[in-house]
Amino acid sequence: DITAESLSKYKLENTSNEFVGKFTSLYLSLESETELNIKFTPATDNEDIKFSVNGKDITAVKKNGIYTISVKDISATALDSMIEVEAVDSQGNKSILKCYALSYAYIVLSGNYDQKLKDLVISMRNFNLLMDRYQSVC
């Protein structure tokens with residue numbers, strides 16, 4: 001069975017630095033591609049923050065003082081791969097978020113969400129497991 005408990009290893013690991021800011025939310029977009037979107041609120045609105053994902057610099061979109069970091073094109077076999085997002089201010093202070101696309105599934109199954117959404121993330125995890133098995137035999 002796929003439950004919050006079975007997905008607990010995909011919990012977020014959020015090491016926010018009060019001088020830089022904090023990661024405030026995470027959501028998944030399942031369109032034609034899987035995209036993980038992470039919200040970051042800087043400690044001060046005029047601070048210039050640099051972001052990286054798994055060591056690669058990226059450009060985050062800033063709207064109303066909140067940054068959105070998008071991790072695009074996540075394959076079915078990579079849903080359980082760790083994603084490390086780093087936010088660094090001009091002084092070199094860092095906030096780090098370690099997460100997975102499946103962190104979203106953990107959040108949904110741990111919370112008070114609609115059953116249809118819970119069924120969707122369970123299906124997503126089942127698809128991930130199936131694709132992992134398929135890839136291991138090919």
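Predicted model: local features only at pLDDT ≥ 70, side-chain atom pairs only at ≥ 80, totals over all residues.
Residues up to four places away in sequence being left aside, the contacts of Phe-23 include Asn-14 and Ser-16, then Ile-38, Lys-39 and Phe-40. Further along the chain, Phe-23 also touches Ile-69, Val-85, Ala-87, Ser-95, Ile-96 and Leu-97. The C-alpha atoms of Phe-23 and Ser-95 are 8.0 Å apart in space, although 72 residues separate the two in sequence.

## Ser-95

Ser-95 is part of strand S9. Its relative accessibility is 0%, so Ser-95 counts as buried. The side chain of Ser-95 comes to 2.7 Å from the backbone nitrogen of Asn-17.

With neighbours within four places in sequence excluded, Ser-95 is in contact with Thr-15, Ser-16, Asn-17, Val-20, Gly-21 and Phe-23, among others. Phe-40, Val-85, Glu-86 and Ala-87 are also among the contacts of Ser-95.

## Aromatic pairs

The model contains four aromatic pairs. One of them joins Tyr-10 and Tyr-100 in an edge-to-face arrangement, with 4.9 Å between the ring centres and 80° between the planes. Tyr-10 precedes S1, whereas Tyr-100 sits in the loop between S9 and helix H1 (101-110); the pair therefore ties together parts that lie 90 residues apart in sequence. Both tyrosines, Tyr-10 and Tyr-100, are buried.

Phe-40 and Phe-51 form another edge-to-face pair, at 5.4 Å centre to centre and with 80° between the planes. This pair links strand S3 (residues 34-42), which holds Phe-40, to strand S4 (residues 50-53), which holds Phe-51, the two residues being eleven apart. Phe-40 is buried at a relative accessible area of 0%, and Phe-51 is buried at 4%. Ring pairs also connect Phe-23, Phe-40, Phe-51 and Tyr-67 into a cluster.

## The five-stranded sheet

An open sheet is built from five strands in the order S1-S9-S8-S4-S5, with antiparallel pairing. Strands S1 (13-15) and S5 each have a single partner strand, so one side of each remains without a neighbour in the sheet. On average, and with direction ignored, neighbouring strands of the sheet are turned by 20° against each other.

Within this sheet, S8 (residues 83-88) and S9 (residues 94-99) are joined by six bridges in the antiparallel sense. Cys-99 of S9 is the bridge partner of Ile-83.

## Confidence

The chain has a mean pLDDT of 90, and 99% of its residues reach 70 or more.

Technical notes:
Residues numbered from 1 in each chain as written. Heavy atoms only, no water. pLDDT = per-residue confidence, 0-100. Pairing = 2+ DSSP bridges. Helix = DSSP H or I, 4+ residues; strand = E, 2+ residues; numbered from the N terminus. Axes fitted to C-alpha atoms, helices over the stretch in contact; angles between N-to-C directions. Phe/Tyr/Trp six-rings, centres within 6.5 Å; stacked < 30°, edge-to-face > 60°. Buried < 20%, exposed > 50% of the residue type's maximum accessible area, 1.4 Å probe, protein only. Contact = heavy atoms within 4.5 Å. Polar contact = N/O pair within 3.5 Å; in protein donor to acceptor, adjacent residues only side chain to side chain.
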